[in-house]
Amino acid sequence: FQLTEDVVNRMKESSQSKRDNQRFPRSSNGTAPSSPAAEGKPRSPTGTVSPSQVCCFDTLCSGLANGCYMYEQEQALVQEELLRLAKREREAASEALNTALQRERSNANEERQRAAQLVSSKTLQYVSIQDRVKSLYLRGFFKCHLCGKLRN
């Protein structure tokens, strides 16, 4: 069977007015009651809020707030640990740098001492050679520039 367009429209209007009445029920005096949201109460999908739902909502909010607080506390602990690790790494790097610097200073001092000893040794050799040449000169021996022989 087929419905006429008029019947279909009336059915649509009837369905629409039922939905409106469910959303905005009328009180006995014909005015719409205030909404639960306007009264400060949370709204449920059905339009009414049971005390157990309010309690669950409060518990959920409390749990979320507690979770956020714990997360922030954990973040603060992680941040403190990272700062401690960074401080230890800086101290270790500084200690390694100081050790390397001390080793380099020690090596430089040793090299300076070796150089001083070498200069001292060479100076002594030079003085010794000068003394021999002077002794030979005083005894009357001269070295020939052409052949390298000592002459009287």
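This is a short chat about a predicted model of one protein chain.

Reader: What am I looking at, and how are residues numbered?
Author: A predicted model, where local features need pLDDT of at least 70, side-chain atom pairs count only at pLDDT 80 or more, and totals for chains, interfaces and linings use all residues. Residues are numbered from 1 along each chain as its sequence is written, and side-chain values use heavy atoms, with hydrogens and water left out.

Reader: How many helices and strands?
Author: The protein chain has 2 helices and 2 strands. Their pattern along the sequence is α-α-β-β. Helices (H or I, at least four residues) and strands (E, at least two) are DSSP runs, numbered from the N terminus.

Reader: How much of the chain is buried?
Author: Buried residues are 2% of the 152. Buried means under 20% relative accessible area, exposed over 50%, and partly exposed in between (1.4 Å probe, protein chains only).

Reader: And the accessible surface of the chain?
Author: About 14,100 Å². Carbon and sulfur atoms hold 57% of that. The areas come from the Shrake-Rupley method with a 1.4 Å probe; for residues, only the protein chains shown count as cover.

Reader: Switching to salt bridges. How many?
Author: The count is 2. The rule asks for a side-chain nitrogen of Lys or Arg within 4 Å of a carboxyl oxygen of Asp or Glu.

Reader: Which residues pair up?
Author: E81 meets R84 at 2.6 Å, N to O. E81 also bridges to R88, with the closest N and O atoms 3.9 Å apart. Shared partners join E81, R84 and R88 into one network.

Reader: Where do E81 and R84 sit?
Author: Both are in helix α2, 3 residues apart, about one turn of the helix.

Reader: Why does E81 count as partly exposed?
Author: Because its relative accessibility is 31%. R84 is partly exposed too, at 42%. R88 counts as partly exposed because it comes to 47%.

Reader: Where is L82?
Author: In helix α2, which covers residues 51–139. L82 is partly exposed, at 47% relative accessibility.

Reader: What does UniProt list for residues 83–118?
Author: An unreviewed entry there lists "coiled-coil region". UniProt positions follow the numbering used here, feature names are shortened, and annotations may be inferred rather than shown by experiment.

Reader: What does the model have over residues 83–118?
Author: 100% helix and 0% strand. The end C-alpha atoms are 52 Å apart.
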